[in-house]
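Hi,

Here is the structure I promised to pass on. Please open it first; my notes follow below.

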Amino acid sequence: MNNIRKINYLATGCVLIMVAACVPKSLVPVTKTENRNTPATYNGSTSDSTNVAKIKWKEFFTDPKLEALIDTALLNNQELNLTLQEIEISRNEINARKGEYLPFVKLGGGLGVDKVSRYTSQGAADDMSEIRPGVRTPEVLPDMMVGARASWEVDIWHKLRNAQKVAAQNYFASIEGKNFLVTNLVGEIANSYYELLALDNQLAIIKQNIEILSNALNIIRQEKQAAKVTELAVRRFEAEVFKTQSLQYEIQQKIVEAENKINFLVGRYPQHVDRSSDNFNTLAPTKVYAGLPSQLIINRPDVRAAELKLSAAKLDVNIARANFYPSLGLSAGLGFRSYNPLYLVNLPQALITSLAGDIAGPLVNKYALIAGYNTASAKQIKAIIEFERTVLNACIEVTNQLSNIDNLDKNFNMKSNQVDALTQSTEISIKLFKSARADYMEVLLTQRDVLESRMELIETKMRQMNAFVNAYRALGGGWN
């Protein structure tokens, strides 16, 4: 027992001496810590913990046709399906890393023939020996073996276990990456859907304006026949009709492209997109509750992914440092070996066993290990900066969208008043023209202003809905 204790003490002392000799004193541990502090509120506004990001997208969007498009995209979107395969690859990496710190056991056999020179020590000994009683050792000796062999690197410094944890953190980060992709996909489909509704309404306005201008053109032609206006007035109105008709074809092309953008996102070939374009101007976004900036770390998938990658980078530093420490390996073998297969089952004569252990660590020429440690340290600092940048970007995105929602609401009200005023002025200009109290240019310019203002009103409503969607996305909604 005393001898065993002495051996244990000696082995422990050897390990400590090797650790002291293997770890360079020039290694400087990473001391930078990530900053997790966030503002108390968004841009000084008063808010509580009520957060729209916790609402599922099926409850956030109330248009059933939009919901159907999102459902289809979550099944068929090709980029999302590629990401799911990346997640599967990351999951398999965990199992691969787990297997590295468990014992490896191999089962096999071998067959061969051996002939040694008579003029060697082994050959001379074989010539004078018997392989079994009464049978001399043959000059050409067959060799057969079956058995199992095990090897195991004892994970003293948790290097292999940390490698598995790194794989697990990267796996969870890939899941968060998928969630962030889902958030963006939901938001992109919703924005494209509202853009398509806006284009439909703009097309309807253009067709109405073409009809109004055509009627006005007929009036101008009648006035020209009555010699109240010249040919110039007729030509100017005709040019305005042609201009508006050309705008109609531009909008029709935009509708085709918007439909196919949605078709691509939902993973299908070009086809008509079912939608509800009526009453687009009356759509009213619900109030967006932003909650607190600190909730972004929990709700935003890209922030969560950055946090997981930071955790993996910290473990990589520990792994790189553990590479300087000595490693302990154990190996063992058990099997049967004989020159004749009939004797393989003879016990214990055919039985072979082995047991060995080794401990080794780097002593000189550690430049590669030092470089690996410094690289891991730099990657950790990089991961810290990326985490802080992701949080900062998330906070700024939310602040921008909240401000955008407020300003677009006021902008839409002003645009509505402008459209109402110009619509009334159109009716007045036509009456004044018929009574010869206004010239044709006033009618023409008023019609042009009405068209532009109504188109701008639709575009403002679209931007208003987009800001509503983007705020939901910026807060981290859409993936749950």
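Start with the lining of the second largest cavity. It is made up of Glu-153, Val-154, Asp-155, Ile-156, Trp-157, Lys-159, Leu-160, Ala-322, Tyr-325, Pro-326 and Ser-327. Two elements each give two or more residues to that lining: β4 (140-154) and α6 (159-225). By class, the lining has 7 nonpolar residues, 3 charged and 1 polar. The space inside the second largest cavity comes to about 50 Å³. In total, the structure holds 3 cavities of 30 Å³ or more. Bear in mind that this is a predicted model.

Next, a helix pair. Helix α6 also meets α3, which spans residues 64-76. Their axes come within 10 Å of each other and cross at roughly 140 degrees.

Which residues make the contact between α3 and α6? On the α3 side they are Lys-65, Leu-66, Leu-69, Ile-70, Ala-73 and Leu-74. On the α6 side they are Val-182, Leu-185, Val-186, Ile-189, Ala-190, Tyr-193 and Tyr-194. Sorted by class, this contact has 12 nonpolar residues, 1 charged and no polar. Lys-65 of α3 is the charged one.

Have a look at both in the viewer.

Best wishes

Definitions and conventions
Residues are numbered from 1 along each chain as its sequence is written. This is a predicted model: local features need pLDDT of at least 70, side-chain atom pairs count only at pLDDT 80 or more; totals for chains, interfaces and linings use all residues. Side-chain values use heavy atoms; hydrogens and water are left out. On a 1 Å grid over the protein atoms alone, a cavity is a set of points where a 1.4 Å probe fits but cannot get out, and a pocket is an open set with protein on both sides within 12 Å along at least five of seven lines; lining residues have an atom within 4 Å of a point. Grid points are joined across faces, edges and corners, and a volume is the space filled by probe spheres set on the points. Helices (H or I, at least four residues) and strands (E, at least two) are DSSP runs, numbered from the N terminus. Axes are lines fitted to C-alpha atoms, for helices over the stretch in contact, and angles run from 0 to 180 degrees between N-to-C directions. Contact means heavy atoms within 4.5 Å.
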